[in-house]
Amino acid sequence: MATLQIGNEVILSATRGLNTGSGKTVGQTCLKSATVAVNNYGSHNYPTAAFKGEISVAEFTKLDVATDYTTNVYTMKATIKVEVTNNSTNVYLSDGTNEAIVYAGNGKTQLAWLIAMKDQQVTVEVAPCNWNSKGYKAAVLAVINSDGTKTLSTLNFAN
């Protein structure tokens, strides 16, 4: 693992697991017992050909928790909304009427990279996550600004 860098093209050997939180509904896809079979190194962008297309915030908030969407990735146009209280920091993807909460164990620290984009209209690459079996949250993989600059999630990718 120490030799892996962002942009390396790798082939993994793993078993797909489905964590179901309380066990009642679909939760989150996880790779179990993963090992790196091949590292092609280099500086590659991750492939987007398998993305499922664009989804609206309203459509995302209506995803049926009884259906497994956890292997899907969508693009979504939204505004980053941040709510800070004494006890928590929550980040939402908003269309002005509907809001999808962004998944994080600790919003203040794990989503600091996204909080810096507060009130910006962006395109996000997002995967549905239902870790707590309460409804799908948005696991943001990357943000694409209006000038085309892509910022990768530091929750999923570390330097």
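These legends describe an overall view and several close-ups of a predicted model.

**Figure 1. The whole protein chain and its elements.** The protein chain has three helices and eight strands; helices (H or I, at least four residues) and strands (E, at least two) are DSSP runs, numbered from the N terminus. Along the sequence the pattern reads β-β-α-β-β-β-α-α-β-β-β. Of the 159 residues in the chain, 32% are buried. Buried stands for under 20% relative accessible area, exposed for over 50%, and partly exposed for values in between (1.4 Å probe, protein chains only). The accessible surface of the chain is about 9400 Å², and carbon and sulfur atoms account for 49% of that surface. Such areas come from the Shrake-Rupley method with a 1.4 Å probe; for residues, only the protein chains shown count as cover. Taking contacts between residues at least 6 apart in sequence, 55% join residues at least 24 apart, where contact means heavy atoms within 4.5 Å.

**Figure 2. Confidence in strand 1 and helix 1.** The mean pLDDT of the protein chain is 87, and 90% of its residues reach 70 or more; pLDDT is the predictor's confidence in each residue, from 0 to 100. Among the elements, strand 1 (residues 10-19) has the lowest mean pLDDT, 82, while helix 1 (residues 57-61) has the highest, 98. Where pLDDT is low, the predicted coordinates should not be read in detail.

**Figure 3. Ser33 in strand 2.** Ser33 lies in strand 2 (residues 28-39). Its phi is positive, about 55 degrees, although Ser33 is not a glycine. Most residues other than glycine have a negative phi. Ser33 counts as exposed because its relative accessibility is 68%.

**Figure 4. Asp119 in a loop.** Asp119 sits in the loop between helix 3 (112-115) and strand 6 (121-129). Asp119, which is not a glycine, also has a positive phi, near 70 degrees. With a relative accessibility of 55%, Asp119 counts as exposed.

**Figure 5. Thr89 and its contacts.** Thr89 belongs to strand 4 (residues 89-94). Thr89 has a relative accessible area of 11%, so it is buried. Apart from neighbours within four places in sequence, Thr89 is in contact with Val82, Glu83, Val84, Gly107, Lys108 and Ile115.

**Notes to all figures.** Residues are numbered from 1 along each chain as its sequence is written, and side-chain values use heavy atoms, with hydrogens and water left out. In this predicted model, local features need pLDDT of at least 70 and side-chain atom pairs count only at pLDDT 80 or more, whereas totals for chains, interfaces and linings use all residues.
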